[in-house]
Amino acid sequence: MPLSEDALARGVPRDAAALPGVAPRPAETWLRIVQVHDRITRRVDSALHRHHDLSLTGFEALRRIADAPGQRASMGEVAEAVGLSRPGVTSTINRLVAQGLVLRERGAGDRRLLHARLTPAGLERVTAARETHDELVAHLLTLLGDDAAVVTDALARVSAATRSRH
């Protein structure tokens, strides 16, 4: 015997937005963003430590310096690119200097300005670590499937809207 329309509708929200996965609440979206960032960060950090004796923060700093003109960047540029405070970038650069991966230099035009320059050992380390980082991140993000472009676009819009204005 077929179920009545009333019986079929019982327990089904009238509003499609109330269905799981249809229109998530902002708190759920925020939780997923935080969880994904945290879990990917921990996985990548662990792989970089294990294979290259580098933290994810150290790798990101090295990569920014490696990609800068002349493989040399100011502390402010590194801090901005990596999302660190001035004390945070100083601590990170101190560790990279101690490992022989970076040299500190004073600016030619402004002696107060401090720069970080990649050493040959730093270039070698960041090149090897970049492969590990990029392969692992790409592998993890394949789980986005066909939604990758949509997710990337949406996150880019949120990032642009929240970028601090100077």
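Colleague: To start, is Arg130 buried, partly exposed or exposed?

Modeller: The general idea comes from cut-offs: buried means under 20% relative accessible area, exposed over 50%, and partly exposed in between, with a 1.4 Å probe and protein chains only. Here Arg130 has 24% relative accessibility, so Arg130 counts as partly exposed. Keep in mind that this is a predicted model, where local features need pLDDT of at least 70, side-chain atom pairs count only at pLDDT 80 or more, and totals for chains, interfaces and linings use all residues. Residues are numbered from 1 along each chain as its sequence is written, and side-chain values use heavy atoms, with hydrogens and water left out.

Colleague: Fine. Which side chain does Arg130 meet in a salt bridge?

Modeller: A salt bridge is a side-chain nitrogen of Lys or Arg within 4 Å of a carboxyl oxygen of Asp or Glu. Arg130 meets Asp67 that way, at 3.2 Å from N to O. The two sit 63 residues apart, Arg130 in helix H6 (residues 120-141) and Asp67 in helix H3 (residues 56-67). Helices (H or I, at least four residues) and strands (E, at least two) are DSSP runs, numbered from the N terminus. Asp67 counts as exposed, at 52% relative accessibility.

Colleague: How many salt bridges turn up in the whole structure?

Modeller: Eight. Among the linked residues, Glu60, Arg63, Arg64 and Asp134 form a network of salt bridges.

Colleague: What separates Arg157 and Asp153 in helix H7?

Modeller: About one helical turn, because they are four residues apart in H7 (residues 148-162). Arg157 is exposed at 52%, while Asp153 is partly exposed at 43%.

Colleague: Now the strands. Which strand does E1 join, and in what sense?

Modeller: Two strands pair if DSSP finds at least two bridges between them. E1 (residues 72-74) is joined to E3 (residues 114-118) by three bridges, and the two run antiparallel. Within that pairing, Ala73 faces Ala116 of E3. E3 also pairs with E2 (residues 102-106), again antiparallel, over five bridges, and there Leu103 has Arg117 as its bridge partner.

Colleague: Where do side chains tie E1 to E2?

Modeller: Look at Arg72 and Glu105, whose side chains form a salt bridge at 2.7 Å, N to O. Arg72 lies in E1 and Glu105 in E2, so the pair ties together parts 33 residues apart in sequence. With a relative accessible area of 27%, Arg72 is partly exposed.
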